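Biologist: Could you walk me through how to read a model like this one? I'd like the general idea each time, then the case at hand.

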Amino acid sequence: MGGKLQFWKVAIRPGRPFVFGRCKEKFLFGLPGNPVSALVTFLLLARPALARWQGAAEVRLPTHSGLSTEPLTNRGSGDIS
C-alpha cells in the first residue's frame, strides 16, 4: 500500500506488538490480537492521539474514587506468575 512504518513493539505488557505508521496522509494504528492487549494499547496510545488530533485539551481517562463497603481479600495462592 506504500505506507511507512514509524514504530512497532512498545515496552508495555499487555500490548507489546503495537504498530504505528502512515499511509499517504492517514495515520495507522495496529493493535495486538489479544483482546486485553488491544484494549490496553488503544486506551494508552491510540485514544489519546485521536483525542489530541481532534482538538481535545485533556486526553487522560476520567477517574472516579470510591469506597469499598467490604474488606478486600485474596483467596488465591498469591502467586501471580
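Biologist: Which backbone oxygen lies 3.2 Å from a polar atom of the side chain of T41?

Modeller: That of A38. First, some ground rules: this is a predicted model, where local features need pLDDT of at least 70 and side-chain atom pairs count only at pLDDT 80 or more, while totals for chains, interfaces and linings use all residues. Residues are numbered from 1 along each chain as its sequence is written, and side-chain values use heavy atoms, with hydrogens and water left out. A polar contact is a pair of N or O atoms within 3.5 Å; within protein, one must be able to donate a hydrogen and the other to accept it, and residues adjacent in sequence count only if both atoms are side-chain atoms. The T41 side chain also has a polar atom 2.9 Å from the backbone oxygen of S37.

Biologist: Is T41 buried or exposed?

Modeller: Buried means under 20% relative accessible area, exposed over 50%, and partly exposed in between (1.4 Å probe, protein chains only). T41 counts as buried because its relative accessibility is 0%. T41 sits in helix 1, residues 35-53; helices (H or I, at least four residues) and strands (E, at least two) are DSSP runs, numbered from the N terminus.

Biologist: And R47, what does its side chain reach at 3.0 Å?

Modeller: The backbone oxygen of V59. R47 is in helix 1 too, and it is partly exposed because its relative accessibility is 27%. R47 and V59 are twelve residues apart in sequence, yet 7.9 Å apart in space, C-alpha to C-alpha.

Biologist: How many salt bridges does a search of the whole structure find?

Modeller: A salt bridge is a side-chain nitrogen of Lys or Arg within 4 Å of a carboxyl oxygen of Asp or Glu. The search finds one, between the side chains of E58 and R60, at 2.8 Å from N to O. E58 is partly exposed at 46% relative accessible area, whereas R60 is exposed at 64%.

Biologist: Now the strands. In what sense do strand 2 and strand 3 pair?

Modeller: Two strands pair if DSSP finds at least two bridges between them. Strand 2 (residues 19-23) and strand 3 (residues 26-30) pair in the antiparallel sense, over five bridges. One example is G21, whose bridge partner in strand 3 is L28. The two strands form a hairpin with two residues between them, and K24 in the turn has a positive phi of about 60°.

Biologist: Where does F27 lie?

Modeller: In strand 3. F27 is partly exposed, with a relative accessible area of 35%.
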